[in-house]
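Notebook open, structure loaded. I'll jot down what I look up as I go.

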Amino acid sequence: MGPLFELGSVDLDGRATETARQVVVVGFHDAAPVETLTAIGHHDVDVAVVDQFLELGVDGGEGDVAAFVLNERVQVLGTDEARDLAQDPNDLTTLDGVSRGAHARSLSVSDLLSITIPSSIIGMIPKRLFLVLSVAVASFGFSAGVAGASTKPLIVSGVSEWGALAYQLVGADAKVVSLLTDPNADPHEHEATISDAASVAQASVVLENGAGYDTWLEQLVSAQGSKAAVINVGKLMNVASGKNPHLFYNPLAAIKFVKALTKLLAHRRGYANIEVRSTKLLAQLNAIQSSVESMATRCDHVKVAATEDVTSYLLEDARLDIVTPEALRLAVGNGVDPSVRDLAAALDQLKKHPAFLIDNIQTATPLTDELVAQAKSSHVPVIKVTETMRGTNYVRFINGVVTKMKVDLKIEGCLT
């Protein structure tokens, strides 16, 4: 895949090697200049170096990326084989990791990238280069099956909560794709994938959480020079990077987001009923906000605990006092160990019986397990939450957390 594309001990330079045990030959006819990639760019990538890395050594050694455009077929050769123009170009029997029973014998460049590279090569690619590779593949039409053949406009959200709100708002008028959907994964550790880049390349609207939560998505939009309209919730709420980025646990942010997306789409063709859906959705969100304001009025300064800051906007809006040391909550959220002093203080606060403990199970560690165990031992109710919501109903998701808070505050005695 290029004379300089050396990945550890694997050298894919067009010559068979004992390490690789196979070589992939890509054949095509017309070439687009590599210089077209310079328009993509990235703030910490040397484009001149990337130019060399992205060269494809094919046929006579031409350096270009037209294989992405033409989606040419590949020919797989074993180390003991020579290229034979009469050989079946779809014979994949010598390619390790590709089962003839699981994959079609006819393999295109995009299929090769989506099947082979992620499993055997991507782990060896420098991270800064991987972003550029992702952008390049998406820019040259590699869809990865994200949008399929749908003719509906595509709305792409990094965070599942904003994607779910968009889905409730647009209904069947558009296709909504959320890129962070695994409630068992830590979203703070997510890195852009080729599939993410392909989604952004086809989007008409991109929904960013902002505030430093999904910087990878902002970089994809910027790197591709995307023409998609962008809504950044952090900017809507004037929350800068470095502040608490978990804006999806703030009903006021959800209300402002729905109004902004409604305004953006209301005058676009194909969204005839969006005003009706928006009115209904805003009424539901306002009802949740009213419940939060009721807690603020009746339960002002009631003490609660939290393993980290995922729901802090919601708790602060309800004027509840989070007694768990802030330093510990920030440490857990950032994946680092808190001080022994802060841990001791957090455990001691739980023994004093706050109204409840909020536990983000998506960032569970032995330390947070210890806090949960102490809460249960002290008969403190535990409300389990996640950063990544399941399903497509944001109202049900956020109202579920608010309802659990109200139940525990009734036990506390401040709500009737």
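Core first, so I set my terms. I call a nonpolar core a set of buried Ala, Val, Leu, Ile, Met, Phe, Trp, Tyr and Cys residues joined through side-chain atoms within 4.5 Å. Buried is under 20% relative accessible area, exposed is over 50%, and partly exposed is in between, with a 1.4 Å probe and protein chains only.

**Ground rules.** This is a predicted model, where local features need pLDDT of at least 70, side-chain atom pairs count only at pLDDT 80 or more, and totals for chains, interfaces and linings use all residues. Residues are numbered from 1 along each chain as its sequence is written, and side-chain values use heavy atoms, with hydrogens and water left out.

**Confidence.** I checked pLDDT, the predictor's confidence in each residue from 0 to 100. The protein chain has a mean of 74, and 64% of its residues reach 70 or more. Residues 1-149 have pLDDT below 50, yet this stretch makes 232 contacts in the model beyond near neighbours in sequence; a contact means heavy atoms within 4.5 Å. Where pLDDT is low, the predicted coordinates should not be read in detail.

**Overall.** I count 15 helices and 12 strands in the protein chain, taken as DSSP runs numbered from the N terminus (helices H or I, at least four residues; strands E, at least two). Of the 416 residues, 50% are buried. Among contacts with a separation of 6 or more, 67% join residues 24 or more positions apart.

**Cores.** Which residues touch the most other members of the largest nonpolar core? I find Ile155, Trp162, Leu320, Phe356 and Leu409, out of 63 residues. Helix 15 (residues 394-412) gives this core its largest share, 8 residues. There is also a second, separate core of 15 residues, with Leu154, Ala192, Val200 and Ala203 among them. Back at leucine 409, I listed what it touches, leaving out residues up to four places away in sequence: Met295, Cys299, Val302, Leu320, Ala355, Phe356, Cys414 and Leu415.

**Helix 5.** This helix (residues 160-170) is mostly covered, with 10 of its 11 residues buried. Trp162 is one of the buried ones, and Glu161 and Gln168 are also included. Glycine 171 follows helix 5 and has a positive phi near 60°. I place glycine 171 in the loop between helix 5 and strand 6 (175-180), partly exposed at 23% relative accessible area. From glycine 171 to isoleucine 274 I get 8.4 Å, C-alpha to C-alpha, although they are 103 residues apart in sequence.

**Positive phi without glycine.** Alanine 211 has a positive phi of about 60°. Alanine 211 sits in the loop between strand 7 (205-208) and helix 7, and counts as buried because its relative accessibility is 10%. Histidine 301 has a positive phi too, near 70°, in the loop between helix 10 (274-298) and strand 9 (303-306).

**Second largest pocket.** A pocket here is an open set of points on a 1 Å grid over the protein atoms alone, where a 1.4 Å probe fits, with protein on both sides within 12 Å along at least five of seven lines; lining residues have an atom within 4 Å of a point. The second largest pocket holds about 430 Å³ of space, a volume being the space filled by probe spheres set on the points. It is lined by 23 residues, and His188, Lys243, Asn244, Pro245 and Asn334 are the closest to its centre. Helix 12 (326-333) is among the helices that supply at least two lining residues each, and gives the largest share, 4 residues.
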